[in-house]
Every structure is written in structure tokens, then in C-alpha cells.
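Here is a short tour to follow in your viewer, one selection at a time.

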Amino acid sequence: MERITNLILIDADMRRRATISHALSAVHIHVEPFETIAELSGSWPRSGVVLVHDDAHAVGNLIECMADHGEWFPIIAFSETPSAERIVEAILDGAIDYVAWPIAADELNGALSRAVARAETVGSAKLREVMARARIDRLTRREREVLSGVASGLSNRLIGDKLSISPRTVEIHRANMLNKLGANHTSDAIRIAIEAALVN
């Protein structure tokens, strides 16, 4: 298991940032503190595990920021007395782990080690999903419907029947969809749809 030596801390509370930094320095973990995700984006680190205070949509926003940079770091979210629903939402958004604050330095160190162990399999898949979703967000509603039909293996005629449009109109939407996705072939578009969890 890789030893953690660098923690990227994102927390708007200055006192909590100082407390976490001091506690982790005792176990020889360097903490790079940031007040906001925007501040992190302006000074992108080379490596590390991210510990982010979980306020509204923090994990989702952080994942989008990572997608923009094309790089993913394991994320541990934390907050005071989090609800089960909040923890589940953060994990679904892309966090590797969730801890309740306050937490002892040795417990946090254990969470960091677990995050690195899980990161290799989960991380690249999550980044691919976010990047695929960003591409699909460029599509119009109709282009998404055509993509869904294509990914389900339907012909232009069957997609047209399903959407009450002509096969020629389907062809036009299909060409636009491929262009916006940056896909050279239909198989590329289907892969992007699968990575974005648009289809199973």
C-alpha cells in the first residue's frame, strides 16, 4: 500500500484547516490547504489525496474540476455529524470515503491509506464517466434520444418510429451527435454513452 505524504485540503473554515494541518504534520503528512475548489483549480497539484469539507455539491463540483484538468485524485469528504443520505450522495458523486469531523489523526491516516488502495480501480472509471457526461451535456434532447436509440441497437428507421421523426431526420441528428461527441464511429458514441451511464 502506498504511503500518503501529501494531502490536499479544501475547507472554507480557517481554524479547521489549521487544526487538520497541525494534526497530520505529527504523522508526517504534508497538507496543502485551500479555501475553495476555485483556489485549488488555480494552483493544480501534482499528486495527493483530497480531503474536502462536504458543503453543498462539493464532491460533484470537485469531480467536474478534475475532469476539466483531465486528472483524478482520490476524494475523502468530511463534515460534522453527516446523515446517511449525505454520505451516500457524496459517494455516488465520486468520493472514495466519508469521515465525520472531528476525527483523530491516526483514524484519518487510515482513511487516507484506504483511499489510495481504492483509487486505482475507482478513480479512472469515475474520471471517464465525468468526461463522458460532459460530452453528452453538449447534445440537444433529441440528439440524446438518438444516441440512446443507437446504443440500444436500433436502426435509423426504428429510432425514427420511436421518436415520430423521419429516418432522414434521425441521420441528421446522428451526424450532429457524433460531431459534438468527437466520435469517429457509432461504436465510439456507444462507448461514451456507456461511460456516462446513459445506457447499461
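**Stop one: helix α6**

Select Arg141, which counts as exposed because its relative accessibility is 56%, above the 50% cut-off for that label. Keep in mind that you are looking at a predicted model.

Glu145 is partly exposed, at a relative accessible area of 25%.

Next, select Arg142. Glu145 forms a salt bridge with this residue too, and the closest N and O atoms are 2.8 Å apart. Arg142 and Glu145 lie three residues apart in α6, again about one turn of the helix. Arg142 is partly exposed, with a relative accessible area of 22%.

Side chains of opposite charge can pair when their charged atoms come close. How many salt bridges does a search of the whole structure find? It finds twelve.

For another one, pick Arg86 and Glu89, where the closest N and O atoms are 3.1 Å apart. These two sit in helix α4, three residues from each other, so about one helical turn separates them. Is Arg86 buried or exposed? Arg86 counts as buried, at 19% relative accessibility, while Glu89 counts as partly exposed at 37%.

Then select Asp11, Arg16 and Glu80 together: salt bridges link these three in a network.

**Stop three: an aromatic pair**

The whole structure holds two aromatic pairs. To see one of them, select Trp44 and Phe73, which are stacked, with ring centres 5.7 Å apart and 25 degrees between the planes. This pair joins distant parts of the chain, 29 residues apart: Trp44 is in the loop between α2 (37-42) and β3 (49-53), and Phe73 is in the loop between α3 (58-69) and β4 (75-80). Phe73 is buried, with a relative accessible area of 5%.

Look now for the second largest pocket, with a volume of about 260 Å³. Of its 13 lining residues, Gly60, Ile63, Glu64, Val130 and Arg133 are the closest to the centre. Helices α3, α4 (84-93) and α5 (105-136) each give two or more residues to the lining. By type, the lining has five nonpolar, one polar and seven charged residues.

**Last stop: confidence**

Finally, colour the chain by pLDDT. The average is 86, and 94% of the residues score at least 70. Confidence is lowest in α5, at a mean of 77, and highest in helix α7 (residues 156-163), at 95.

Technical notes
Residues are numbered from 1 along each chain as its sequence is written. This is a predicted model: local features need pLDDT of at least 70, side-chain atom pairs count only at pLDDT 80 or more; totals for chains, interfaces and linings use all residues. Side-chain values use heavy atoms; hydrogens and water are left out. Rings of Phe, Tyr and Trp (its six-membered ring) pair if their centres lie within 6.5 Å; planes under 30 degrees apart count as stacked, over 60 as edge-to-face and the rest as tilted. Helices (H or I, at least four residues) and strands (E, at least two) are DSSP runs, numbered from the N terminus. Buried means under 20% relative accessible area, exposed over 50%, partly exposed in between (1.4 Å probe, protein chains only). On a 1 Å grid over the protein atoms alone, a cavity is a set of points where a 1.4 Å probe fits but cannot get out, and a pocket is an open set with protein on both sides within 12 Å along at least five of seven lines; lining residues have an atom within 4 Å of a point. Grid points are joined across faces, edges and corners, and a volume is the space filled by probe spheres set on the points. Ala, Val, Leu, Ile, Met, Phe, Trp, Tyr, Cys and Pro count as nonpolar, Asp, Glu, Lys and Arg as charged, and the others, Gly among them, as polar. pLDDT is the predictor's confidence in each residue, from 0 to 100. A salt bridge is a side-chain nitrogen of Lys or Arg within 4 Å of a carboxyl oxygen of Asp or Glu.
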